[in-house]
Amino acid sequence: MGEVCVRVAVRIRPLLPKEVLHNHQVCVRVVPDSAQVMLGSDRTFSFDHAFGPTASQDQFYESCVKPLVASLVDGYNATVFAYGQTGSGKTYTLCGGHVASLVEEESGIIGQVAADLFVLLGERRAADVRVSYVELYREELRDLLELHTAHRELHIREDDRGNTVVVGARETVITSAEELQSVLEAGNALRHTGPTQMNERSSRSHAIVTVQLTQHNHNDGSVRSSKLHLVDLAGSERAARTGNTGLRLKESVHINTGLLALGNVIRALSDPHRRGNHVPYRDAKITRLLRDSLGGSAHTLMVACVSPSHHNVTETLSVLQFASRAR
Ligand code: ADP
Ligand code: MG
């Protein structure tokens, strides 16, 4: 993957049956045989990859994510994050259409990552894979794998080798893709969701799955650690749009802080003249948490998810702008 440390993919989901029923028009398309997306009839945006409504989970995984799994096994850190408004396909892309659809075409990135990882590790017995699953809600970190302590706050520390550690987060050893799936399902049950005017099950927290790989070399006794973060970000829609007030407004402020900080970090990293530039990791917990897996030798994939409906055109424009600035 060479010098490019941040790659950006756009994924346009299909119109949902209820949108078809209500006569929503498609306002955003992939320019054929390109990695460009056209909004309306005159605005074009360029990315590293662009996927239209007919792209399968497999196509998406193979071209964008599979190389990151290979680099994880080679000892590099990586981050995949899904950005976009609520209802745009972030969770679908990461987790799949149906829970536990491991072998089906619907299976999301996470299931495929695990399946692939264990295939790649097949010949390398001396490796262990651990998973943690945390949620960032209103700048507070919670463990989604520890039922009883889900409300105890976790802390982010950096060790002396520059590795980011979430102190107190449970790490579960997994030995198969199926095991990962069941661990994550337990975590999903704890994930914070609540109603907004826009979408009843709108996600207002960031969910971070971390796959930590430790490989032992028996010849020289060395240990190699690397990790892959898979991040389902909170909805990117602005406070005003969802009609939020009070508690909901406070949530929106935190969400915006996190997403803004992430955007600033990505922008600083993708600036070709950045040598020695300040990268503002410390501005939010999401960027502090991902610090050792964003920039440096780490590989980052941003997946910008958008709805095709003309009803969402304003939000889609802002997501496409955010994503194209990240390159
Ligand atoms: P988000 O997590 O961004 O809020 P979801 O992943 O829940 O959005 O997607 C919203 C709806 O769209 C869900 O019903 C989901 O199944 C559907 N959907 C999203 N992306 C696709 C896709 N690529 N193909 C088919 N259905 C999709
Ligand atoms: Mg979601």
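**Entry 1: confidence**

I began with the confidence of this predicted model. The protein has a mean pLDDT of 86, and 87% of its residues reach 70 or more. I then looked up residues 99–103, where the pLDDT is below 50; the model gives this stretch 11 contacts beyond near neighbours in sequence. I also noted residues 194–202, where pLDDT stays under 50 and the model has 17 contacts beyond four places in sequence. I keep in mind that where pLDDT is low, the predicted coordinates should not be read in detail. For the complex, I wrote down an ipTM of 0.99 and a pTM of 0.91, both from the predictor.

**Entry 2**

Strand β2 covers residues 28–30 and strand β3 covers residues 36–39; I found them antiparallel and joined by three bridges. Which residue of β3 stands opposite Arg29? I found Met38 there. β2 and β3 form a hairpin with five residues between the strands, and in this hairpin I noted Asp33 with a positive phi near 55 degrees.

Next I looked at β3 and strand β4, residues 43–46, which pair in the antiparallel sense over four bridges. Here Met38 stands opposite Thr44 of β4. The hairpin of β3 and β4 has three residues between the strands, and Gly40 in its turn shows a positive phi of about 65 degrees.

**Entry 2: helix α4**

I checked the length of helix α4, residues 109–121. It has 13 residues, so at 1.5 Å a residue it should span 18 Å; the C-alpha atoms at its ends are 18 Å apart, and the two values agree. Which residues of α4 are buried? I listed Ile109, Ile110, Gly111, Gln112, Val113, Ala114, Ala115, Asp116 and Leu117.

**Entry 3: Lys227**

I looked up Lys227 and found this residue in strand β13, residues 223–232. Is Lys227 buried or exposed? I counted Lys227 as buried because it has 21 C-beta neighbours inside 10 Å, and the cut-off for buried is 20 or more. Leaving out residues up to four places away in sequence, I found that Lys227 touches Asn77, Thr210, Val211, Gln212, Leu213 and Ser293. I also looked up the separation between Lys227 and Arg142, which are 85 residues apart along the chain. Their C-alpha atoms are separated by 19 Å.

Definitions and conventions:
Residues numbered from 1 in each chain as written. Chains lettered and ligands numbered in written order. Predicted model: local features only at pLDDT ≥ 70, side-chain atom pairs only at ≥ 80, totals over all residues. pLDDT = per-residue confidence, 0-100. Contact = placed C-beta atoms within 7 Å. Buried ≥ 20, exposed ≤ 12 C-beta atoms within 10 Å, placed from the backbone. Pairing = 2+ DSSP bridges. Expected span 1.5 Å × (residues − 1).
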